Amino acid sequence: MSAEIIDGKAFAAEVRAKVAEHVAKLAERGIKPGLAVVLVGEDPASQVYVRSKGKQTVEAGMESFEHKLDASTSEADLLALVDKLNNDPAVNGILVQLPLPDHIDEDKVINAIDPAKDVDGFHISNVGLLATGQKAMVPCTPLGCLMLLRDYFGSLSGKSAVVVGRSNIVGKPMAQLLLRDSCTVTIAHSRTKDIEDVVRQADIVVAAVGRPEMVTGDWLKKGAVVIDVGINRLPPAEEGAKGKLVGDVDFASASDVAGAITPVPGGVGPMTIACLLANTLTATCRANGLEEPEGLTA
Ligand SMILES: NC(=O)C1=CN([C@@H]2O[C@H](COP(=O)(O)OP(=O)(O)OC[C@H]3O[C@@H](n4cnc5c(N)ncnc54)[C@H](OP(=O)(O)O)[C@@H]3O)[C@@H](O)[C@H]2O)C=CC1
Ligand SMILES: Nc1nc(=O)c2c([nH]1)NC[C@@H]1CN(c3ccc(C(=O)N[C@@H](CCC(=O)O)C(=O)O)cc3)C=[N+]21
């Protein structure tokens with residue numbers, strides 16, 4: 001093991017402290033940012049995630065509104081809730097937890113959110129703004145990864161980056177952000193030929209695949225910086241126990257070759273929540289015509 005460990009948990013605490021500091025300044029003007037999180041159904045992993053978001057939102061001095069809806073909630077009822085939140089002045093940020101149940105059209109719901117309150121950055125307007133280099137709400141997970149990379153390298157200009165995964169919520173926006181920081185970007189996916197060789201070219205590897213420990217040390221160039229987005233729960237060793245949480249990168253073999261690597265847990269996950277709070281603060285500042293805090297957006 002020779003790689004430096006990139007401590008996302010510690011970095012996320014710093015981001016949250018910066019957010020809290022700025023939120024305290026807004027309080028002097030009588031402004032309190034509010035984040036609404038909507039959860040449809042009872043997925044246990046999502047429930048844990050929603051709970052920790054709520055807790056950290058309150059700790060940062062913001063208002064947290066949680067809406068837990070039954071898995072059988074109709075699309076129309078969900079759209080009505082989104083409309084209500086769009087028109088609620090106490091709500092500056094709206095997050096609808098994905099995935100949604102099959103009977104609900106995800107794109108329709110996401111695109112019903114007011115883009116100015118779209119703290120996930122998934123609305124087509126924000127996707128287009130990011131792709132054209134305009135001021136957008138930037139998706140939290142890629143933003144968190146970018147912050148870690150900028151902190152590690154200083155400048156990313158000219159680095160070769162391979163993003164493994166092309167989802168709308170991680171892979172594609174990650175590639176946009178790296179491109180914006182002047183990396184030479186390759187996006188790999190399930191149809192990529194000789195994917196190991198493609199990944200081995202990269203100075204920066206971002207893995208967002210959803211396949212436990214897929215990227216192994218022999219896929220990496222010596223000294224590559226590896227950002228592991230994956231959150232996978234392995235089957236528990238015994239009945240009733242909790243399975244181990246692992247990333248999309250095989251940490252043991254990768255850390256022998258990489259220059260630096262993020263762990264799972266304690267890497268990208270905490271950064272995602274910190275960036276969600278940062279985005280809520282940014283949205284609040286924009287809504288009130290106030291200056292945005294520095295270093296908390298892309
Ligand atoms: N830490 C955090 O905050 C977050 C973590 N995650 C985690 O990140 C991971 C990815 O999430 P998400 O982007 O939503 O996942 P998706 O399932 O939406 O996308 C996965 C991507 O990986 C590609 N892929 C799948 N199998 C392979 C393979 N064998 N070789 C190469 N590429 C492959 C798919 O390719 P194709 O398009 O060709 O099918 C797809 O583009 C998951 O583990 C998820 O839990 C997600 C969000 C936030
Ligand atoms: N609209 C929407 N936006 C999202 O951003 C979104 C989503 N839906 N659906 C689900 C995924 C997943 N996701 C995570 C965020 C933080 C951790 C996190 O904090 N993980 C901890 C460990 C948590 C644990 O122990 O279970 C860590 O990695 O250290 C994990 C996963 C956001 N997502």
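Guide: What follows is a conversation in which each description is set against its definition.

Guide: This is a predicted model, in which local features need pLDDT of at least 70 and side-chain atom pairs count only at pLDDT 80 or more, while totals for chains, interfaces and linings use all residues. Residues are numbered from 1 along each chain as its sequence is written, and chains are lettered from A and ligands numbered from 1 in the order in which they are written.

Visitor: How many helices and strands are in the protein chain?

Guide: The protein chain has 10 helices and 11 strands, where helices (H or I, at least four residues) and strands (E, at least two) are DSSP runs, numbered from the N terminus.

Visitor: Why is the protein chain called as compact as a globular protein of its length?

Guide: The radius of gyration, taken over C-alpha atoms, is set against the globule rule, which is 2.2 Å times the number of residues to the power 0.38. For 298 residues the rule gives 19 Å, and the protein chain has a radius of gyration of 19 Å, close to that value, so the chain is as compact as a globular protein of that length. Along its principal axes, the C-alpha trace spans about 50 × 45 × 30 Å.

Visitor: What share of the contacts in the protein chain joins residues 24 or more positions apart?

Guide: Two residues are in contact if their C-beta atoms, placed from the backbone, lie within 7 Å. Among contacts with a separation of 6 or more, 68% are between residues 24 or more positions apart.

Visitor: Why is aspartate 248 called buried?

Guide: A residue is buried if 20 or more other C-beta atoms lie within 10 Å of its own, exposed if 12 or fewer, and partly exposed in between. Aspartate 248 has 23 other C-beta atoms within 10 Å, and therefore it counts as buried. Aspartate 248 sits in the loop between strand S10 (245-246) and helix H9 (251-257), and, leaving out residues up to four places away in sequence, its contacts include Ala207, Gly210, Met214 and Asp228. Across the protein chain, buried residues make up 45% of the 298 residues.

Visitor: What makes arginine 166 partly exposed?

Guide: Arginine 166 has 18 other C-beta atoms within 10 Å, so it is partly exposed. Its place is the loop between strand S5 (160-164) and helix H7 (171-180), and, neighbours within four places in sequence aside, arginine 166 is in contact with Gly171, Lys172, Ile187 and His189.

Visitor: Why is serine 167 called partly exposed?

Guide: Serine 167 has 15 other C-beta atoms within 10 Å, and so it is partly exposed. Serine 167 also lies in the loop between S5 and H7, where it touches Lys172 and Ala208, not counting residues up to four places away in sequence. In an unreviewed entry, UniProt lists Gly165, Arg166, Ser167 and Ile231 for "binding site", although such annotations may be inferred rather than shown by experiment.

Visitor: Which residues are closest to ligand 1?

Guide: A residue is near a molecule if its C-beta atom, placed from the backbone, lies within 6 Å of it. Ligand 1 is surrounded by 24 residues, of which Gly165, Ser167, Ser190, Gly210 and Thr272 are the closest. The largest share of this shell, 3 residues, comes from helix H10 (residues 268-287).

Visitor: How many residues of the shell around ligand 2 are nonpolar, polar and charged?

Guide: Ala, Val, Leu, Ile, Met, Phe, Trp, Tyr, Cys and Pro count as nonpolar, Asp, Glu, Lys and Arg as charged, and the others, Gly among them, as polar. The shell around ligand 2 has 12 nonpolar, 5 polar and 1 charged residues, and of its 18 residues Gln97, Leu98, Pro265, Gly269 and Thr272 come nearest. H10 gives the largest share of this shell, 4 residues.

Visitor: Which domains supply at least three residues each to the shell around ligand 2?

Guide: Domain 1 (29-117) and domain 2 (140-270) each supply at least three residues of that shell, with bounds that come from an automatic or database domain assignment. The C-alpha centres of domain 1 and domain 2 lie 27 Å apart.
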